[in-house]
Amino acid sequence: EKGGYDHFMIKEIMEQDEAIRSTLLGRVDRGRVRLDELEALQEELKNAERIYITACGTAYHAGMVGAYLLRHVAGLDVEIEVASEFRYAKHHWRENSVGLVISQSGETADTLQALRMMKADGIPVIAVVNVVGSSVYREADASLLTQAGPEIAVASTKAYSTQLVVLYLFALYMAKLKGLLTQEEEQNILEDLWSIPEKVKQVLSNAESVRRIAQDTYKANDIFFIGRQLDYMLALEGSLKLKEISYIHSEAFPAGELKHGPLALVTADTPTLAILMQEDVLEKTLSNVSEVKARQGDVFVLGFERDRKRLEDIGRWSFFVPDTLPLLAPLVGIPVLQLFAYYNAVLRGTDVDKPRNLAKSVTVE
Ligand code: F6R
């Protein structure tokens with residue numbers, strides 16, 4: 001049932017190229033995005049001014065990428081908060097608001113309650129969900145399915161990458177509705193999106209080099225992740241994956257925040273994984289990497305192949321992924337971080353598929 005793999009988690013990591021392809025299938029038609037599921041909400045979406053995003057854990061991290069995309073590509077005002085906070089917060093709903101909830105299982109109690117709260121206040125809610133027939137799927141006004149297939153390992157992997165895919169498509173869809181995207185821009189992004197399964201496959205075929213890096217890091221007590229903008233959002237997910245299955249203490253920081261506190265923690269014993277994929281802020285993050293190195297901290301650089309020359313001598317370890325638009329970096333970067341978490345956990349001998357204290361579906365508050 002594990003298809004020859006040692007754990008469901010690695011099987012699911014390795015299935016991601018196919019899961020991404022299935023999620024794209026039928027949603028791109030001659031260079032244009034197509035989301036038939038949203039037809040009934042056309043008017044609300046056309047008039048939408050603010051999007052409220054909420055979710056838990058990994059799905060929340062996907063939501064953060066979604067928020068970035070809706071702001072940058074679709075020019076929307078976005079508010080985002082984890083569901084366990086969102087549902088108890090005081091909201092001053094704007095007119096023309098739309099809710100967006102993200103959930104693999106569709107049964108997470110806090111996410112479901114947040115959805116119900118928005119609906120009760122008259123806000124239409126769209127769900128990005130993996131399980132057909134789940135509570136979130138049934139109660140949302142429209143559901144965009146991730147075609148990840150069943151995810152068995154507690155740590156979410158292919159659900160995250162397919163949530164991202166749906167969020168890219170949704171952001172493009174909204175940008176079009178708002179008249180903010182030329183046909184050419186749409187085609188460019190979609191072309192790159194279609195190349196992702198192949199590129200993810202290339203990254204996965206290089207798993208062994210990630211395992212070798214983990215051999216140097218698995219004894220660490222703390223590992224930090226840094227990045228800016230989309231790289232920071234990806235860092236959050238990499239760090240969560242690592243802590244939940246390897247039990248190595250880990251935190252992700254926006255690179256610019258290092259000198260506001262976290263730098264006090266950096267020593268020769270704390271490796272830092274620096275994500276350097278967002279060209280616009282790359283130099284800024286590089287200066288933060290120097291701060292880490294000045295404290296004797298070892299650095300693992302994650303970057304694009306096109307920057308290899310520029311970045312390869314910076315860290316003690318590095319991994320370069322196939323080039324994409326910087327906007328799509330999380331899709332090619334995430335497999336590396338998942339593999340990194342996985343191999344650190346395997347080397348530490350933890351129960352990878354069923355980490356202590358965690359359940360696959362959190363139906364209690
Ligand atoms: C982390 C993980 C959890 C879930 C979270 C939400 O690997 O699996 O953080 O992402 O519990 O679950 P869903 O998406 O089912 O609502």
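Predicted model: local features only at pLDDT ≥ 70, side-chain atom pairs only at ≥ 80, totals over all residues.
An oxygen atom of the ligand sits 2.6 Å from a polar backbone atom of Gln104. Residues are numbered from 1 along each chain as its sequence is written, and side-chain values use heavy atoms, with hydrogens and water left out.

## Around the ligand

| Residue | Atom in the protein | Distance to a ligand oxygen atom |
|---|---|---|
| Gln104 | polar backbone atom | 2.6 Å |
| Thr108 | polar side-chain atom | 2.5 Å |
| Val154 | backbone N or O atom | 3.2 Å |

How much of the ligand does the protein bury? Taken alone, the ligand exposes 410 Å², and the protein buries 90% of that. Such areas come from the Shrake-Rupley method with a 1.4 Å probe; for residues, only the protein chains shown count as cover.

The space taken by the ligand is the largest pocket. A pocket is found on a 1 Å grid over the protein atoms alone, as an open set of points where a 1.4 Å probe fits, with protein on both sides within 12 Å along at least five of seven lines.

Two elements each give two or more residues to the shell around the ligand: helix H4 (57-72) and helix H12 (230-246). H4 provides the largest share, three residues. Helices here are DSSP runs (H or I) of at least four residues, strands are E runs of at least two, and both are numbered from the N terminus.

There are 13 residues around the ligand, and Ser103, Gln104, Ser105, Thr108 and Glu244 come nearest. To count as near, a residue needs a heavy atom within 4 Å of the molecule. Sorted by class, the shell has four nonpolar, seven polar and two charged residues.

Now let us look at some individual residues. Thr58 belongs to helix H4. Is Thr58 buried or exposed? Thr58 has a relative accessible area of 9%, so it counts as buried (under 20% is buried, over 50% exposed, and in between partly exposed, with a 1.4 Å probe and protein chains only). Its side chain makes a polar contact of 3.1 Å with the side chain of Glu237. A polar contact is a pair of N or O atoms within 3.5 Å; within protein, one must be able to donate a hydrogen and the other to accept it, and residues adjacent in sequence count only if both atoms are side-chain atoms.

Asn288 lies in helix H13 (residues 282-294). With a relative accessible area of 0%, Asn288 is buried, and its side chain joins that of Arg228 in a polar contact of 2.8 Å.

Thr23, in helix H2 (residues 16-24), is also buried, with a relative accessible area of 0%. The C-alpha atoms of Thr23 and Gly227 are separated by 27 Å, and the two residues are 204 residues apart along the chain.

Most residues other than glycine have a negative phi. Which value does Gln229 have? Phi of Gln229 is positive, near 55°. Gln229 sits in the loop between strand S8 (222-227) and H12, and at 38% relative accessibility it counts as partly exposed.

Asn357, not a glycine either, has a positive phi of about 70°. Asn357 is found in the segment after helix H15 (329-348), where it counts as exposed at 77% relative accessibility.

Key:
1 Å grid on protein atoms, 1.4 Å probe; cavity = no way out; pocket = protein on both sides within 12 Å on 5 of 7 lines; lining within 4 Å. Sits in = over half its atoms within 2 Å of the grid points. Nonpolar A, V, L, I, M, F, W, Y, C, P; charged D, E, K, R; others polar.
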